[in-house]
Amino acid sequence: MTIKYELIKEDNRTGARLGKLHTPHGIIDTPVFMPVGTQATVKAMSPLELKETGAQIILSNTYHLYIRPGHKLVEKAGGLHGFMNWDRAVLTDSGGFQVFSLNELRKISEEGVEFKSHLDGSRHFFTPEYVMEIENSLGADIIMAFDECAPYPCEHDYAKKSMERTARWLKRCKEAHNNTEKQSLFGIVQGSVYKDLRIESARRTVEEDLPGYAIGGLSVGEPKELMNEVLEYTVPELPSDKPRYLMGVGSPDCLIEGSIRGIDMFDCVLPTRIARNGTVMTSKGKLVVRNAEYSEDFRPLDEECDCYACRNFSRAYIRHLIKAGEILGGRLTTIHNLRFLQNLMSEIRKAILEDSLTELRNDFFEKYGYER
């Protein structure tokens, strides 16, 4: 295996874990939040700025990079690391979520998924084998198996058929993955919000003896309480000596709750997306800096934050940039949100070490304005 999970400490009260993920491009402290660089870039950020926020690993998207500029071009450039000049770890998703989000533009069969490009309407066909070929060309340290992400809500029968297809596709992905010396394949647990399906999916996925395991199909519209419930009976089915990745989750409350339940890896477009709309995360809750009430507010976005934006600029200035349509405004809010989440993950890791994660959750929720 090209990656190895090292367990440092586990909280017996909650199941939270402190660890290190050894990869070909560095050691990652876990739990970790991974910024999303959909098209081989985290929007508005340079690699240097990403490192300054504390990013240890980033995620890129197989579907989008296949559509544009094409995986073969990325391969010629030296893979994603060379193409985007990023010397830390990279994870690529399988593109499954994006393909299945196309709804009327795709058709599912046992062989794979036929879909139309969201850019020009051209027809394409993803099979598990072809997805592995694409991800092998992209060259990420961690690659995800091609899965079917069932919508929420869906009937048990649909979720069962979808989960079983995902299990069959995983076997095909494993067989087609031909770069095992440099890339680690993760399987994905599906099953919607049905306990019997989740447990069956977890067991069938673990049977493949992979370097790591992800939980997919959550944060797709279900209540957060239900997501936490699914984690509570799914995570114990995953081996303790392998990393556990909760896909598509990145709000502060979910990062804390997921960590408490033994999750090691998270990713989400949330911090960068809301930043571009003028919303930032602060130690006292969300702040919509584009609002008029901040036009003469010369405090930093968050007085407890050490990011470049908070060290150098005021709310009033950043609001002015956003209202004026200046690119710098969205860059500064993005820098802040990513740094805020990396600081939160550092606090989570410290709390696990000190057996105080439950207390951190309670204090954070009270300050942030979350109800429990």
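This is a predicted model: local features need pLDDT of at least 70, side-chain atom pairs count only at pLDDT 80 or more; totals for chains, interfaces and linings use all residues.
How many aromatic pairs does a search of the whole structure find? I got 14 aromatic pairs.

**Aromatics**

I picked out Tyr66 and Tyr130. Their ring centres sit 5.8 Å apart with the planes at 90°, so I logged the pair as edge-to-face. Next I looked up where the two residues lie. Tyr66 is in helix 2 (residues 62–67) and Tyr130 is in helix 6 (residues 128–138), so this pair ties together parts that are 64 residues apart in sequence.

Buried or partly exposed? I checked each one in turn. Tyr66 has 13% relative accessibility and counts as buried, because the cut-off for buried is under 20%. Tyr130 comes out at 23% relative accessibility, so I put it down as partly exposed.

I also found both tyrosines in one aromatic cluster, formed by Tyr63, Tyr66, Phe115, Phe126, Tyr130, Phe146 and Trp169.

I have an open sheet of 3 strands here, in the order 1-2-3, and the pairing is antiparallel. Strand 1 (4–10) and strand 3 (26–30) are the edge strands, each pairing on one side only. From one strand to the next, the twist averages 15°.

I took a closer look at strand 2 (residues 17–23) and strand 3: they run antiparallel and are joined by 5 bridges. For Thr23, I noted Gly26 in strand 3 as the bridge partner.

What lies across the strands? I found helix 14 (residues 327–353) lying across strand 1, strand 2 and strand 3. Helix 14 runs at about 120° to strand 2.

Note on methods: Residues are numbered from 1 along each chain as its sequence is written. Side-chain values use heavy atoms; hydrogens and water are left out. Rings of Phe, Tyr and Trp (its six-membered ring) pair if their centres lie within 6.5 Å; planes under 30 degrees apart count as stacked, over 60 as edge-to-face and the rest as tilted. Helices (H or I, at least four residues) and strands (E, at least two) are DSSP runs, numbered from the N terminus. Buried means under 20% relative accessible area, exposed over 50%, partly exposed in between (1.4 Å probe, protein chains only). Two strands pair if DSSP finds at least two bridges between them. Axes are lines fitted to C-alpha atoms, for helices over the stretch in contact, and angles run from 0 to 180 degrees between N-to-C directions. Contact means heavy atoms within 4.5 Å.
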